[in-house]
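Subject: Handover of a structure

Dear colleague,

Please find below the structure that I am handing over to you. My notes on it follow.

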Amino acid sequence: MDQNQTVQGTSPANPQWFRQVMGRYPTGVALISSTENDGTPVGMVVGTFTSVSLDPPLVAFLPARTSTSWPRIRATGRFAVNILGAGQEDVCRAFSSKTGSKYENMPWHPSASGAPFLEQAVAWLDCTIESVMDAGDHEIVLGRVEAMDIASLDLPLLFFQGGYGRFTPHSMAVAGPNLGRELALVDSARPGMETLAGRLGCDCLAGARSGEEFVILASAGPGKTQWISSAVGQRVPAAAPFGRTAMAWAYDADIERWIAASDTLTRPEAYAMLDRIRARGYSVSVGTGEFGTAAPSSAVRDAMDPGSEALGARAEEKVHSISAPVFGPDGTAALVLSLYGLPPELDAGGVERCAAELLAATRQISDAAAYQTL
């Protein structure tokens, strides 16, 4: 091969080479749908859907000029975006086909604008067409989001190098206002969280108190717990017993407000719980509740922090989580690391072994944080 052939082969003007290079970048898969004036549903699959603006809320996708579905969607003046789940590869292939009825055996319901929402999509957005711009052999469609929702906790479908698959989230973090110190600590904690999750084969969450709320800031691990993929960014009110691991090392005034906000625990019960956590150095929950899920008063008193010493008599129950604090310079809990997705057969000895690993990790992160503030 001479030099001219080599240059041509790796030139952006070479469509095959362009596809190969861009194929190194994974994309999500979305179904763009609408309903024509006669009620006929129409749809097309794209891998070019993206968010554009928060204020105003704008999104975009890029249909090919050769698409036969896009002109029909454009004529309606609106579209819905169905973000496909990892198990919907068959949906993607059906809508990519040039033959057959695409909506046959595809359960859907109409949005407020009448556009089809697929029943098993992980999220959807209802949009009006804001503008359409030329872009070579494609067009850029800008849409204003009128409504949106998360429909499922399933992971999304991805397209990468000509094949379909799913994302396995090993580590995710949230951004937000008034969390600068906590997010800086999360950045230094994430390697330790990933190592801990990998060694124990479970998920690790990092949470913190933010004003009168508790917020999940980051996650690491294989996503064994179904709701982990959507946990990051969740907030719950600061009311006992939620956030008890952080409150065990909080200031007295903060503890009193935390207890006063609760309609679940009495003041003596709450202080007894915090004393147990401080004495042990970590908290334990049994049962099947999720982060932020309320429970009856009796269930909370019975299940929150029984401790590994109580599991012998409760062997039929599954350990829900183990949590320990990461201390800030003032001795309060700047972060709380929690282990989820632990083996269902975990006994008292197993709890203590996992807790020892967790405490070693939180001490290391606390020491590193203290060093960085010197």
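How many residues lie between E18 and E19 in their hairpin, and which residue in the turn has a positive phi? The hairpin has five residues between the two strands, and Gly331 is the residue in the turn with a positive phi, of about 85 degrees.

Please note that this is a predicted model, in which local features need pLDDT of at least 70 and side-chain atom pairs count only at pLDDT 80 or more, while totals for chains, interfaces and linings use all residues. Residues are numbered from 1 along each chain as its sequence is written, and side-chain values use heavy atoms, with hydrogens and water left out.

Helices (H or I, at least four residues) and strands (E, at least two) are DSSP runs, numbered from the N terminus. Two strands pair if DSSP finds at least two bridges between them.

Strand E19 and its neighbours

Strand E18 (residues 319–327) runs antiparallel to E19 and is joined to E19 by six bridges; here Pro325 stands opposite Val336. E19 also pairs with strand E14 (residues 203–210) in the antiparallel sense, over five bridges. In that pairing, Asp203 stands opposite Tyr340.

Strands E6, E9 and E10

Strand E9 (residues 123–135) is joined to strand E6 (residues 78–83) by six bridges, and the two run antiparallel. Val81 has Leu125 in E9 as its bridge partner. E9 also runs antiparallel to strand E10 (residues 138–150), with twelve bridges between them; the partner of Ala123 in E10 is Ile150. E9 and E10 form a hairpin with two residues between the strands, where Gly136 takes a positive phi near 65 degrees.

Helix H7

Which residues of helix H7 (residues 252–260) are buried? They are Asp254, Ile255, Trp258 and Ile259. These residues are on the same side of H7 because they cover an arc of only 135 degrees around the axis (the arc of the directions from the helix axis to the C-beta atoms). In general, an α-helix has 3.6 residues a turn, so residues three or four places apart point the same way. The face of H7 turned away from the buried side carries the exposed residues Asp252 and Ala260.

A colleague

How values were computed. Buried < 20%, exposed > 50% of the residue type's maximum accessible area, 1.4 Å probe, protein only.
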